[in-house]
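Thanks, everyone. Let me put the model up, and then we'll go through it piece by piece.

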Amino acid sequence: MQRILSRTRLRSGAEAEYDRVHAAVPAALADRLRAAGVSNWSIWRDGQDLVHLIEVADYRAMRRSLADDPVNAEWQAVINPLLEADDDYSGDDDGIPLVWTLASQP
């Protein structure tokens, strides 16, 4: 299981709308995320800054499987206008690199 940290940034003034749409994430999207290997996806918001913790079997495979998924595309059509940069799921990124964790200490 991979634990991936990523970040995104909201457009100024989009904070309330972002919170509103995430209060009711569609069940079909949650099902697609689980089917793509996601066991958990948590998002923290600090003003316009978003931090995502994604626990997933294979992050790159998950992104590839959702890139052309119609349920994800519908969700991205709602979310992307709220973000400073669209996410089209085409990247081969691995999230933010982990530098240190207490979990690896004796």
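First, a term. Buried means under 20% relative accessible area, exposed means over 50%, and partly exposed is in between, with a 1.4 Å probe and protein chains only. By that scale Arg-9 is partly exposed, at 34% relative accessible area. We'll come back to Arg-9.

Some ground rules. This is a predicted model: local features need pLDDT of at least 70, side-chain atom pairs count only at pLDDT 80 or more, and totals for chains, interfaces and linings use all residues. Residues are numbered from 1 along each chain as its sequence is written, and side-chain values use heavy atoms, with hydrogens and water left out.

Now the sheet. Helices (H or I, at least four residues) and strands (E, at least two) are DSSP runs, numbered from the N terminus. Two strands pair if DSSP finds at least two bridges between them. Here three strands make an open sheet, ordered β1-β3-β2, with antiparallel pairing. Which strands stand at the edges? β1 (2-9) and β2 (38-46) do; each has a single partner strand, so one side of each lacks a neighbour in the sheet. On average, neighbouring strands are turned by 15° against each other, direction ignored. Axes here are lines fitted to C-alpha atoms, for helices over the stretch in contact, and angles run from 0 to 180 degrees between N-to-C directions.

Look at β2 and β3. β3 covers residues 49-56, and the two strands pair antiparallel over eight bridges. Arg-45 stands opposite Leu-50 in β3. Helix α1 (residues 15-22) packs on the sheet and touches β2 and β3. The direction of α1 makes about 155° with that of β2. Contact, by the way, means heavy atoms within 4.5 Å.

Next, the hairpin. Two residues sit between β2 and β3, and Gly-47 takes a positive phi near 65°. Gln-48 is in that loop too. Is Gln-48 buried or exposed? Buried, at 18% relative accessibility. Leaving aside residues up to four places away in sequence, Gln-48 touches Thr-8, Arg-9, Leu-10, Arg-11, Ser-12, Glu-15 and Glu-84.

On to charges. A salt bridge is a side-chain nitrogen of Lys or Arg within 4 Å of a carboxyl oxygen of Asp or Glu. How many salt bridges does that rule give? The count is 10.

Take three of them. Glu-55 pairs with Arg-3, closest N and O atoms 3.7 Å apart. Glu-55 is in β3 and Arg-3 in β1, so the pair ties together parts 52 residues apart in sequence. Arg-3 is exposed, at 59%.

Arg-9 forms a salt bridge with Asp-49, at 2.6 Å between the closest N and O atoms. That pair links β1 to β3, across 40 residues. Asp-49 is partly exposed, at 35%.

Asp-69 bridges to Arg-32, again with closest N and O atoms 2.6 Å apart. Asp-69 lies in the loop between α3 (59-67) and α4, and Arg-32 in helix α2 (residues 27-35), so parts 37 residues apart in sequence are tied together. Asp-69 is buried, at 11%. Arg-32 is partly exposed, at 33%. Back to Arg-9: shared partners join Arg-9, Asp-49 and Glu-84 into one salt-bridge network.

Last stop, the segment after α4 (70-79), where Ile-96 sits. Ile-96 is partly exposed, at 30%. Trp-100 is exposed, at 55%. Trp-100 and Leu-83 are 17 residues apart in sequence and 29 Å apart in space, C-alpha to C-alpha.
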